[in-house]
Amino acid sequence: MSVVGIRTDNDTSRPAGAAAALRTTAAVRERAQHLLNRARAGDSPWFSVHDESLPSAAAEVADVTRARYPDLRIPYHSRWRHFEAGGVDRKAELDTRLAASDAPARARAMIDLAVVSVLLDAGAGPDWRYTEAASGQRFSRSEGLAVASWHAFGCGLFSSDAVHPLQVDADGLRSLSADTLAEEFQCGPANPLVGLSGRVQLLRRLGDALASQPEVFGPRGRPGCLFDLIGTKSVAAHDLLSQILASFSGIWLADNNIESEPLGDCWRHDAVGGPGLTRGWVPFHKLSQWLSYSLVEPFEWAGVHVEGMDALTGLPEYRNGGLLLDTGVLRLREPDWAARTWHVGDELVVEWRALTVALLDELAPLVRTRLGADAGQLPLACVLEGGSWAAGRALAQRSRDGRPPLSIVSDGTVF
């Protein structure tokens with residue numbers, strides 16, 4: 001594939017070169033591993049690591065996986081699983097509405113949907129709920145956000161063309177208001193959604209990015225045009241991520257920059273080295289990787305083989321990170337810190353997320369062994385789905401009525 005808009009400057013003494021170096025999962029893993037090695041050596045002021053608890057964490061994940069997928073036919077961890085919430089086959093409904101379209105058009109619509117839904121998928125908070133009129137079911141958290149965004153897409157909220165509601169385009173996103181999204185997501189004082197204004201800002205900035213890159217996203221500025229750009233017989237998962245990071249680098253709300261180069265989900269940690277201007281930065285790109293995972297199926301449904309899934313990392317969010325805290329693999333140096341409120345840029349939070357990435361790579365083979373599977377059967381994307389995310393949620397439900405183990409202030413674009 002030809003990846004448009006990706007800079008090839010490898011000089012990390014220059015902002016463009018440093019940003020390019022930090023937009024790789026190799027950098028995510030390398031810096032996460034550095035912080036894990038440091039914590040294992042006892043040099044972290046925030047966490048201790050207890051490797052003897054890894055087998056019990058693997059057992060939790062394996063047990064949850066067996067319960068959810070007894071035949072071990074585990075799909076990828078992606079937004080499409082949340083679209084199945086409540087046992088409703090919403091994709092079948094979308095397939096029916098797109099039946100008259102050809103395969104590329106269907107792929108564009110599904111990519112459009114996945115992009116906006118993933119960007120709306122950050123922590124909803126404990127109090128928000130969404131009631132689906134058709135099924136009468138009530139959903140919260142990620143499933144609620146998925147179902148709400150599904151119906152918002154279906155009614156044309158993100159399209160500027162009333163004749164073609166099943167699309168996302170630049171003008172539709174740039175005209176989105178907080179009041180409109182709040183109404184569609186049923187939120188208000190009695191049903192508060194954390195980070196609503198941040199989500200709207202993010203989508204409007206996405207609209208600006210789409211409009212500014214017609215060579216990538218076409219004259220209307222549709223995310224689905226990624227299919228036309230890279231929809232060949234085969235594509236590497238990391239190439240999907242690279243295109244997303246290059247095309248969407250300016251949309252993130254976090255003020256993390258190297259001079260004029262926006263970094264997005266990339267945070268400072270004084271214990272991390274690195275060449276040139278990359279020194280001290282820890283990249284994660286969580287939502288971009290979540291989006292990459294979520295685009296795999298639309299490409300595959302259109303006949304494109306996606307390879308190299310394990311190049312992507314585990315997702316550093318509070319379910320996977322909570323699994324490690326709740327099973328004792330990670331322990332806070334000061335237990336009282338669990339009662340404090342933290343910000344996403346605080347060094348403790350940055351390190352927690354880094355340790356989560358590194359430890360998920362170590363947890364995955366232990367889970368496979370318990371399930372009698374190999375990496376070919378259960379790539380990391382399937383371990384996450386089976387899996388670590390669901391086990392983290394189950395432990396949180398048992399321990400804290402579903403709340404994460406750390407309270408973190410978020411703008412709705414990181415967690």
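The model is predicted. A search of the whole structure finds two cavities of 30 Å³ or more, and a search for salt bridges across the whole structure finds 19.

**Largest cavity**

- The largest cavity has a volume of about 170 Å³, and 18 residues line it, with D121, S142, K286, E317 and W389 lying nearest its centre.
- Two or more lining residues come from each of the helices α7 (141-154), α14 (286-301), α15 (318-326) and α17 (380-400), and the largest share, three residues, is given by α7.
- By class, the lining of the largest cavity is made up of eight nonpolar, four polar and six charged residues.

**Second largest cavity**

- The second largest cavity has a volume of about 130 Å³, and its lining consists of 16 residues, of which W252, L263, G264, D265 and S288 lie nearest the centre.
- Helix α14 provides the largest share of this lining, three residues, while the lining as a whole divides into eight nonpolar, five polar and three charged residues.

**Salt bridge between E261 and R23**

- E261 and R23 form a salt bridge in which the closest N and O atoms are 3.6 Å apart.
- Because E261 lies in strand β6 (residues 261-262) and R23 in the loop between α1 (15-22) and α2 (25-40), the pair ties together parts that are 238 residues apart in sequence.
- E261 is buried, with a relative accessible area of 9%, and R23 is buried as well, with a relative accessible area of 15%.

- The side chains of R40 and E362 meet in a salt bridge at 2.6 Å, N to O, which links distant parts of the chain, R40 being in helix α2 and E362 in helix α16 (residues 347-371), 322 residues apart.
- R40 is partly exposed, with a relative accessible area of 32%, and E362, at 24% relative accessibility, also counts as partly exposed.

**Salt bridge between E385 and R68**

- E385 forms a salt bridge with R68, and the closest N and O atoms of the pair are 3.3 Å apart.
- E385 lies in helix α17 and R68 in helix α3 (residues 54-68), so this bridge ties together parts that are 317 residues apart in sequence.
- E385 counts as buried at 5% relative accessibility, whereas R68, at 39%, counts as partly exposed.

How values were computed. Residues numbered from 1 in each chain as written. Predicted model: local features only at pLDDT ≥ 70, side-chain atom pairs only at ≥ 80, totals over all residues. Heavy atoms only, no water. 1 Å grid on protein atoms, 1.4 Å probe; cavity = no way out; pocket = protein on both sides within 12 Å on 5 of 7 lines; lining within 4 Å. Points joined across faces, edges and corners; volume = space filled by probe spheres on them. Helix = DSSP H or I, 4+ residues; strand = E, 2+ residues; numbered from the N terminus. Nonpolar A, V, L, I, M, F, W, Y, C, P; charged D, E, K, R; others polar. Salt bridge = Lys/Arg side-chain N within 4 Å of Asp/Glu carboxyl O. Buried < 20%, exposed > 50% of the residue type's maximum accessible area, 1.4 Å probe, protein only.
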